[in-house]
Amino acid sequence: MDIDDPQTTERRRQIIRSKQFLRQLYEEWYALIRGRLPSGGGPVVELGSGAGFMKEWIPCLITTDVLPITLIDCVLPSDGHLPFSDASLRAIVMTDVLHHLNNPRRFFHEATRTVEPGGAVVMIEPWLTPWSRLIYQRLHSEPFLPDAEQWELPNSGPLSGANSALPWILFARDCSQFEREFPQWSRAFIKPLMPFSYLLSGGISYRSFAPGWAYEPLRKIERALGFVKNWTAMFALIMLARLPKGTGLG
């Protein structure tokens with residue numbers, strides 16, 4: 001199926017919900033994101049809601065996507081503009097979306113405009129480790145280019161364009177450059193995650209290699225191996241905090 005076809009996203013939603021091991025993985029991701037949201041009553045916007053179900057974990061969530069699919073609240077314009085007022089959002093959240101943005105600078109300018117001081121951007125994204133480099137470059141369909149000179153991606157479809165190494169490039173390799181360009185944001189939290197669980201889930205494209213009941217025992221083993229996560233993690237939980245006014249350039 002064409003990855004940029006809305007029907008593909010609808011099919012992916014069915015797969016995530018039906019594969020018990022994969023569904024539990026997403027539930028853990030959503031719980032981690034919810035746990036990093038700043039306090040307050042302002043709206044939280046999810047980018048690239050697509051096939052997910054984060055709204056079940058954050059009921060006030062405004063779901064969005066660039067594709068016209070069912071069960072979302074807002075279709076975003078293709079030019080990267082966020083149709084929200086200045087300083088109106090408590091947070092922006094996403095899972096596996098940032099590395100598909102063909103112009104991340106445009107996104108962070110829009111996030112700076114729309115997220116209130118004290119707010120946050122919270123995401124789970126692919127991360128670079130020796131183990132993940134091996135997996136992403138040899139077994140994954142999306143490009144994984146940690147040596148890419150540019151942050152921007154070639155123009156393509158909303159999902160077919162990608163560099164899975166982009167989050168690591170922005171917040172590790174080029175972190176000083178990111179801080180110079182976006183001084184309103186602080187890297188508040190980066191936690192490497194899950195060296196093996198996603199592989200065992202089969203992801204969205206393949207059958208699961210583990211039954212649903214095995215999820216918690218396998219995650220306990222992974223947590224016990226936390227001391228090697230910087231060499232083995234495949235994902236990271238990332239939180240950027242919007243600095244309050246009067247703090248630096250916030």
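**Exercises on a predicted fold**

Of the contacts (heavy atoms within 4.5 Å) between residues at least 6 apart in the sequence of the protein, 73% join residues at least 24 apart. The model is predicted, so that local features need pLDDT of at least 70 and side-chain atom pairs count only at pLDDT 80 or more, while totals for chains, interfaces and linings use all residues. Residues are numbered from 1 along each chain as its sequence is written, and side-chain values use heavy atoms, with hydrogens and water left out.

**Exercise 1.** Determine how H2 and H8 are oriented to each other.

*Solution.* Begin with the axes, which are lines fitted to C-alpha atoms over the stretch in contact, with angles from 0 to 180 degrees between N-to-C directions: those of helix H2 (residues 20-35) and helix H8 (residues 215-224) come within 10 Å and cross at roughly 50°. Angles under 35 degrees count as roughly parallel, over 145 as roughly antiparallel, 65 to 115 as roughly perpendicular and the rest as oblique; H2 and H8 are therefore oblique to each other.

**Exercise 2.** Identify the residues that make the contact of H2 with H8, and sort them into nonpolar, polar and charged.

*Solution.* H2 contributes Phe21, Gln24, Leu25 and Glu28, and H8 contributes Tyr215, Leu218, Arg219 and Arg223. With Ala, Val, Leu, Ile, Met, Phe, Trp, Tyr, Cys and Pro taken as nonpolar, Asp, Glu, Lys and Arg as charged, and the others, Gly among them, as polar, the residues of this contact divide into 4 nonpolar, 1 polar and 3 charged.

**Exercise 3.** State what share of the protein is buried.

*Solution.* Applying the cut-off for buried (under 20% relative accessible area, with a 1.4 Å probe and protein chains only), buried residues make up 50% of the 250 residues.

Terms used
Helices (H or I, at least four residues) and strands (E, at least two) are DSSP runs, numbered from the N terminus.
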